[in-house]
Amino acid sequence: MGTTASPATTATPSSFLSSPSVSLRASKSSHLRPTRRLPVHVRCVSSPPAAETAYTTKVSRNANIAKLQAGYLFPEIARRRAAHLLKNPDAKIISLGIGDTTEPIPEVITNAMAERAHALSTVEGYSGYGAEQGEKKLRAAIAATYYADLGIEETDIFVSDGAKCDISRLQVLFGSNVTVAVQDPSYPAYVDSSVIMGQTDLYQQDVQKYGNIQYMKCSPENGFFPDLSNVARTDIIFFCSPNNPTGAAASREQLTQLVKFAKDNGSIIVYDSAYAMYISDDSPKSIFEIPGAKEVALETASFSKYAGFTGVRLGWTVVPKELLFSDGHPVAKDFNRIVCTSFNGASTLSQAGGLGCLSPEGLKAMQDVVGFYKENTKIIVDTFTELGFNVYGAKNAPYVWVHFPGRNSWDVFAEILEKANVVTTPGSGFGPGGEGFVRVSAFGHRENIIEAARRLKQLYK
């Protein structure tokens with residue numbers, strides 16, 4: 001910014017004093033009339049800065065990413081939480097929103113990781129790159145623990161850094177030309193990855209759906225299982241049981257219908273079983289408990305919500321050798337190619353933790369962790385039930401699905417955050433079928449769950 005000289009200030013430029021005419025006048029006799037010097041007013045003014053134009057490349061933006069609406073759900077919740085804290089720095093926020101575990105990893109599991117870590121510092125114990133598909137011993141342990149007598153072998157199992165990552169790898173496997181169906185509501189990664197891959201049309205604001213996706217409505221009225229007679233044929237069917245966010249677990253009869261529907265239509269089911277250990281009734285824990293499923297389904301799973309591995313990162317995907325593309329080519333062979341191209345294998349330390357999880361002591365420890373969160377779930381269910389709300393889920397999942405009839409989900413989210421300092425998740429973030437609901441997570445320290453219950457009772461009493 002330049003400065004502005006005072007209007008009263010006059011300046012005589014040096015160029016004026018040194019000009020020939022000035023010198024001549026000064027040399028003449030004194031009887032000549034003195035030359036009058038004209039004042040020169042100098043004003044320094046600032047000019048507006050030139051508009052800066054950012055350099056741009058000649059690379060076009062991915063038009064599919066441009067279709068996405070706002071940010072991914074959970075970072076958006078974190079942003080609103082941070083904004084609330086900025087306005088209320090003394091607020092003691094309790095987070096029951098994103099499904100992140102809170103309890104320490106059982107020592108039997110961390111000891112296994114520590115032992116492997118220490119071995120890496122020795123010549124005998126050091127290892128570099130491992131098999132992209134996972135350690136043979138861990139694959140065998142997963143097959144024996146979760147798929148005994150189901151015809152799943154260790155070679156069908158691909159160990160990964162988590163189910164969410166595998167969902168995106170599966171999308172690369174299927175490509176942009178497939179059609180997709182999802183439960184509504186459902187985990188947002190299914191829809192968002194479909195949009196990014198170019199499988200969808202534009203977002204339709206009036207119905208809050210993307211074109212070219214089949215949204216299979218799951219509501220209290222249909223027991224949170226879609227009416228398959230009203231679902232058009234698609235190539236891929238994403239199905240999560242127990243469902244995130246509703247907490248509903250599909251029955252054996254329902255999954256039998258789903259497998260038949262897929263077989264009749266020549267579709268592939270991507271079955272997300274990330275919460276199977278929370279099932280406490282006779283609902284199937286794996287899609288492969290259903291006869292014929294190996295011909296039409298693959299399954300993703302994770303240690304995240306069993307052992308507290310949300311940060312450690314370890315999961316797996318089962319791709320049966322019986323699952324074939326329309327030309328007879330095994331799906332597993334192509335998935336193996338994707339994995340080998342885009343992934344160097346799960347961390348050696350994470351896989352050591354996985355083996356710790358599947359030891360007899362580790363399995364018992366994981367059951368204890370799951371039991372703890374299920375006790376939290378009961379506290380939350382009892383709280384909302386006492387307040388007169390209709391509550392769903394919870395029995396077979398760490399999520400409570402609470403109905404607020406006639407309310408906007410984000411408005412309820414804001415109300416609970418601003419008045420009770422409790423973070424939940426708005427149901428509409430999981431799809432249009434979630435409007436009017438909020439998801440409350442049971443992942444939390446017991447004292448925080450009890451305090452959140454107290455605040456909710458005070459808010460809605």
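1. The second largest cavity has a volume of about 30 Å³, where a cavity is a set of points, on a 1 Å grid over the protein atoms alone, at which a 1.4 Å probe fits but cannot get out, and a volume is the space filled by probe spheres set on the points, joined across faces, edges and corners. Its lining, meaning residues with an atom within 4 Å of a point, consists of Thr101, Glu103, Pro104, Pro106, Ala307, Gly308, Val369 and Tyr373.

2. This is a predicted model, in which local features need pLDDT of at least 70 and side-chain atom pairs count only at pLDDT 80 or more, while totals for chains, interfaces and linings use all residues. Residues are numbered from 1 along each chain as its sequence is written, and side-chain values use heavy atoms, with hydrogens and water left out.

3. The largest cavity has a volume of about 40 Å³, and the residues that line this cavity include Gln183, Phe224, Phe225, Phe239 and Gln254. A search of the whole structure finds 2 cavities of 30 Å³ or more.

4. In contact, that is, with heavy atoms within 4.5 Å, Val412, Glu415, Ile416, Lys419 and Ala420 of α14 meet Arg455, Leu456, Leu459 and Tyr460 of α15.

Definitions and conventions
Helix = DSSP H or I, 4+ residues; strand = E, 2+ residues; numbered from the N terminus. 1 Å grid on protein atoms, 1.4 Å probe; cavity = no way out; pocket = protein on both sides within 12 Å on 5 of 7 lines; lining within 4 Å.
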